[in-house]
Amino acid sequence: KKGIKRAGKVITTGQIPLDLGTKWDLDMGASVGAFERSPNKILRRLAPALTMAGRALRAMDVWANSMAFDAQMGALALRIAKQEGLKGKELENRINELKSNPSDKMIDDAKDYAKYSTFMDKPDRVINKLIEIRTIFPGGRFIVPFVNTLANIMKRGWEITPGLGLIKHKDF
């Protein structure tokens, strides 16, 4: 329910709540919201119609990101409360307390998990190089969009492939 409300806010206002980034924002950067900031009065008035498709894409990202964020907050609260040895009503109360007043560490962890689960975690050196090369060519962003997202999808496939995922972890 929170994700739907947050996505609705993106569609109606164009603003991203909770500092939840979107693939669109990562790829388009400062150009997001350019019509709304235009010095031309006509463009500012037309902005909601011109940006509706982009807002819808951003809203879907916020919705997915929000669900992952809230799920991780719930998982962290449960884990912490169980580690404290609580049971029954005390466990339930502690979970609700942690979800209502999470620590900064819990919030950061939930944000990282949300980015990871929606393929928006930070690019590594190789992907940064591809992004750099893409910006050299005029229109490169439009020809090869969402490089980071596609790379993260490939990384997730690599991680969950039996045997190959072990390579990522130096412990094995």
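**Notes on the predicted model**

1. Helix H1 (residues 2–13) packs with helix H4 (residues 52–83) at an angle of about 155°, and their axes are 8 Å apart. H1 and H4 are therefore roughly antiparallel to each other (an angle over 145 degrees, taken between N-to-C directions on a scale from 0 to 180). Helices here are DSSP runs of H or I with at least four residues, numbered from the N terminus.

2. The contact (heavy atoms within 4.5 Å) is made on the H1 side by Lys2, Gly3, Ile4, Arg6, Ala7, Val10, Ile11, Thr12 and Thr13, and on the H4 side by Met52, Arg55, Ala56, Arg58, Ala59, Val62, Trp63, Ser66 and Asp70. These residues divide into nine nonpolar, four polar and five charged, with Gly counted among the polar ones.

3. This is a predicted model, in which local features need pLDDT of at least 70 and side-chain atom pairs count only at pLDDT 80 or more, while totals for chains, interfaces and linings use all residues. Residues are numbered from 1 along each chain as its sequence is written, and side-chain values use heavy atoms, with hydrogens and water left out.

4. The protein chain averages a pLDDT (the predictor's confidence in each residue, from 0 to 100) of 79, and 81% of the residues score at least 70. Confidence is lowest in helix H2 (residues 23–28), at a mean of 50, and highest in helix H5 (residues 88–100), at 94.

5. Leu130 lies in helix H7 (residues 125–136) and is partly exposed, with a relative accessible area of 44% (buried is under 20% and exposed over 50%, with a 1.4 Å probe and protein chains only). Its C-alpha atom is separated by 7.6 Å from that of Val147, 17 residues apart along the chain.

How values were computed:
Helix = DSSP H or I, 4+ residues; strand = E, 2+ residues; numbered from the N terminus. Parallel < 35°, antiparallel > 145°, perpendicular 65-115°, else oblique.
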